[in-house]
Amino acid sequence: SALSRALSELGFPAVAVAGGDQGSAESLAQELGAGVMLEPFDGLGDRARLIVLTPPDRELEAVALSLADAGLGHGSCLLQTSAALPSSLLESADRGERVLRLSFHPLKPFPDRDRDLRHFNDALVTVEGDDRAFLFGESLARLLNAHPIRLAPDLKSAYHAAGVMALTGVMALAWAVGRMGDSMNLEREFMTRGILPGMRAAIDAVETLGMPGGLTGPVSRGDTQVVADHLREISKMDPDLEPLYRQIVLTTLRIAEESGQLDSETVGRLHSLLDD
């Protein structure tokens with residue numbers, strides 16, 4: 001829906017919306033001034049040149065198969081937004097019409113309720129497909145004021161894993177810390193005025209100083225007793241979060257160790273504490 005809104009804003013008229021629950025499809029179609037199309041998508045090729053596919057990954061190949069009988073026109077483009085699946089998965093939809101098969105993935109979270117047409121501005125978009133598809137995807141990304149890069153199909157899963165660790169990971173961390181705040185009966189300001197601004201400042205430090213220059217916290221200072229106290233308190237408050245804390249500290253320790261910030265004795269004490 002975000003991509004459809006952005007394309008519409010650029011002057012690419014939407015002709016039809018399909019899939020999802022009927023209410024959502026009708027709502028988006030009304031917003032875009034388009035119709036609602038139901039399977040088997042007869043005549044789609046006569047109405048649309050660019051078909052944007054955004055189903056769950058597990059359904060993408062089946063959707064491509066259902067499009068195979070739609071009579072896609074020569075030079076039409078099937079654009080799928082899966083981060084992990086290759087564009088070759090769309091081959092079944094091409095019945096000799098030389099349809100462009102394109103993977104186009106913006107490396108940003110897209111919440112369902114986001115309506116900001118500027119969402120693609122300065123975003124990194126990974127583009128994957130053959131040379132013709134890549135040229136189209138690269139041009140489309142630039143029209144959206146995004147930054148396209150080419151990604152080999154065999155790197156897509158690793159790329160997606162990195163994105164999940166970074167983007168979904170920060171959401172998971174915020175949830176875990178919010179849970180700790182609830183356990184301490186802290187008010188909402190703990191998150192809104194403390195943790196979330198602090199998370200933004202930490203990201204700014206990484207962007208400005210890089211790593212390990214932006215690293216802070218007890219591990220970077222070799223404060224073994226502080227880490228021990230943290231482990232004790234978390235194990236009492238919310239034992240389910242202790243493994244997460246241990247893994248974060250172990251990763252931080254690796255950064256500090258490889259950069260030479262800590263002497264070998266301090267590193268050994270921290271490892272002994274964390275490996276218990």
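How many residues does helix 6 have, and how far does it reach from its first C-alpha to its last? I looked this up first. The model I am working from is predicted.

**Helix 6**

I find that helix 6 runs over residues 156–183, which makes 28 residues. Its reach from first to last C-alpha is 39 Å, close to the 40 Å expected at 1.5 Å a residue. I then looked for bends and noted a kink of about 35° in helix 6, centred on Gly 169.

Next I listed the buried residues of helix 6: Lys 156, Tyr 159, Gly 163, Ala 174, Ala 176, Gly 178 and Gly 181. I also looked up what covers these buried residues. The cover includes three strands, namely strand 4 (77–80), strand 5 (100–106) and strand 6 (124–128). It also includes helix 7 (189–209) and helix 10 (242–258). After helix 6 I noted Asn 185, which has a positive phi, near 60°.

**Ser 87**

I placed Ser 87 in the loop between strand 4 and strand 5. Is Ser 87 buried or exposed? I count Ser 87 as buried, because its relative accessibility is 6% and the cut-off for buried is under 20%. Leaving aside neighbours within four places in sequence, I find Ser 87 in contact with Gln 80, Arg 101, Leu 102, Ser 103, Glu 128 and Gly 129.

**Leu 10 and the surface patch**

I found Leu 10 in the loop between helix 1 (2–9) and strand 1 (16–17). I count Leu 10 as partly exposed because its relative accessibility is 39%. On the surface, Leu 10 forms a nonpolar patch with Phe 12 and Leu 143. I noted about 260 Å² of accessible area for the three residues together.

Technical notes
Residues numbered from 1 in each chain as written. Predicted model: local features only at pLDDT ≥ 70, side-chain atom pairs only at ≥ 80, totals over all residues. Heavy atoms only, no water. Helix = DSSP H or I, 4+ residues; strand = E, 2+ residues; numbered from the N terminus. Expected span 1.5 Å × (residues − 1). Bend = angle between axes of the 7 residues up to and from the residue. Buried < 20%, exposed > 50% of the residue type's maximum accessible area, 1.4 Å probe, protein only. Contact = heavy atoms within 4.5 Å. Patch = residues over 30% accessible without salt bridge, like charges linked within 9 Å, V, L, I, M, F, W, Y side chains within 5 Å. Areas by Shrake-Rupley, 256 points an atom, 1.4 Å probe, with all protein chains shown as cover. Salt bridge = Lys/Arg side-chain N within 4 Å of Asp/Glu carboxyl O.
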